[in-house]
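Visitor: Hi! Could you walk me through this model? I'd like to start with the strands.

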Amino acid sequence: MRQFICAALMAGLVGISAPAMAKGDKYLDALNVQLGYREATSYAVNAEKRGIDVGIEPIDKDGMQRLLGNDTKKFRPYDVAITNNSQFRIYINQITIVHAGTQQAFAWVDLDGVVDAIDPGGRGNKDDMRGAALRNNVIDKALAHGVVAPGETVQGIVFVKAKYRDEGAALFLQIQNLKRVAFLDFTLALK
Amino acid sequence: MRKTNFLKAVCLVFITCMYFQASLPGFAPTDAFAAAKKVKKVKPPKAKRRPNLSYRPNVSRATFKYAGRVGVLPLRDKRTMAFYGGEDGYFSEPVLRTLSDALYLEIKAGRAFEQVKKLTQPTAQKLSRKDIRAIAAQNQLDYIFIADLTAFNLLREKMVKRKKGLDFKINVRFGIVGQLIDAQSGAVLWAEPIVREDGQLNTDKRVSAEDYGPSAVAAVQNGFEDMKYSIRQLGLEVRK
């Protein structure tokens, strides 16, 4: 009888803890989720100049949860893609949020501010692990200044403060030709 | 005997329950069993303990590839994030100034150019061909070297994600995009992104200068070695 009670208790405890063991962490799971790869022309808002296409789309709440683990609160993330259909390598020289009317640049957003806004929470070691994972995730997915080869598409997330968007912000991208110094400017409205 | 076996079984069940942290109402693991410890966030060390980012570059014995004089402009900061926690105050000197000095010294040590001159004027975000010609005329230069700092960050990564305990790897990532431009024609002779990471395991509660200082220097030095090698291998030659 006692052996039966022990066996039943063990089976019950394993059954209760099995979901807890299998439960994932949303911030760690987000590390393995990438932006859907597609060309800039397929984006809702896009522009083309001399074979360079730039596209931008806002990321909704579900997207924030999948890509970053949680809502980004006072920062609005945008999925930006640059496709190089020209014959030359190009360099993303400037990525700035500007006022659509005056073209004056808003203050630069440090991604540490985005991480603090998301604030993964947790206790003790879990908090530290989540914070580290979120920080790495944000920095890896952000749109970076880089070289784009002919035929290549690069993507990244640009974070815009919600109040800037309400004030009529636009994304300003400056592309440099890497064969001979020349620049192309793109200004796309943020919706 | 049976009573002893029963008590052993109950103890085994209790220990198993504590290990898996079963979500029974009113049940919580005690500190004696929890391996997790509170880890302080990485804060900048006191000023006198901050590591130095400067180092002595390796000098090449090869002959120069580009005859003439190159002017090295200061680095432009194009990072998406400061070193850590929204600030750069983790080193004894300002980061951008130290890395700009390192860039000039490394290009000089690489000996790919006959002469190297350090330019101190701030680098504009957009340098047109006209601006480049003006800088070259002012300083008697044949080439201009522009570099953008795209990454210089401290990153922490837990080695075994689901395991409790302190096993974080402290990585320092260093990245630049450099361009070598012919001053007269505006032709880009070399342009490549360089990224390097270096790190070490940290199992202490606190992250100190020793945990990231040597890694930062190693990442920067290796990154610039890659840059010098790339200039020699991929840089377009100029017919005079």
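Visitor: In which sense do strand β4 and β7 of chain A pair, and over how many bridges?

Guide: Strand β4 (residues 90–99) of chain A and β7(A) pair in the antiparallel sense over nine bridges. Two strands count as paired if DSSP finds at least two bridges between them. Helices (H or I, at least four residues) and strands (E, at least two) are DSSP runs, numbered from the N terminus. One ground rule: this is a predicted model, where local features need pLDDT of at least 70 and side-chain atom pairs count only at pLDDT 80 or more, while totals for chains, interfaces and linings use all residues. Residues are numbered from 1 along each chain as its sequence is written, chains are lettered from A and ligands numbered from 1 in the order in which they are written, and side-chain values use heavy atoms, with hydrogens and water left out.

Visitor: Got it. Which residue in β7(A) does Ile92(A) stand opposite?

Guide: That would be Ile175(A).

Visitor: And what does β7(A) form with β8(A)?

Guide: A hairpin, with five residues between the two strands. β7(A) pairs with strand β8 (residues 183–189) of chain A in the antiparallel sense over seven bridges. Leu173(A) has Phe186(A) as its bridge partner in β8(A).

Visitor: How many residues of strand β7 of chain A are buried?

Guide: Nine of nine, so to the definition: buried means under 20% relative accessible area, exposed over 50%, partly exposed in between, using a 1.4 Å probe and protein chains only. Ala169(A), Leu171(A), Leu173(A), Ile175(A) and Asn177(A) point one way from β7(A), while Ala170(A), Phe172(A), Gln174(A) and Gln176(A) point the other way. In general, side chains in a regular strand alternate between the two faces of the sheet.

Visitor: What about the sheet with β1 in chain A: what is the strand order?

Guide: The order is β1-β2-β3-β6 (chain A), an open sheet of four strands with antiparallel pairing. Its edge strands, each pairing on one side only, are β1 (45–49) and β6 (153–161) of chain A. From one strand to the next the twist averages 20 degrees. Within it, strand β2 (residues 52–58) and strand β3 (residues 75–84) of chain A are joined by seven bridges, and Glu57(A) has Asp79(A) as its bridge partner in β3(A).

Visitor: Switching to chain B. How many helices and strands are there?

Guide: Chain B has four helices and six strands. From the N terminus on, they run α-β-β-α-β-α-β-β-β-α. Of its 240 residues, 46% count as buried.

Visitor: At what angle do α2 and α4 of chain B cross?

Guide: Roughly 40 degrees, for helix α2 (residues 95–110) and helix α4 (residues 209–234) of chain B, whose axes come within 10 Å. That makes α2(B) oblique to α4(B). Angles under 35 degrees count as roughly parallel, over 145 as roughly antiparallel, 65 to 115 as roughly perpendicular and the rest as oblique. Axes are lines fitted to C-alpha atoms, for helices over the stretch in contact, and angles run from 0 to 180 degrees between N-to-C directions.

Visitor: Is Lys228(B) buried or exposed?

Guide: Lys228(B) is buried, with a relative accessible area of 12%. Its place is in helix α4 of chain B.

Visitor: Which residues is Lys228(B) in contact with?

Guide: Leaving aside neighbours within four places in sequence, Lys228(B) is in contact with Asn58(B), Glu106(B), Ala109(B) and Gly110(B). Contact means heavy atoms within 4.5 Å.
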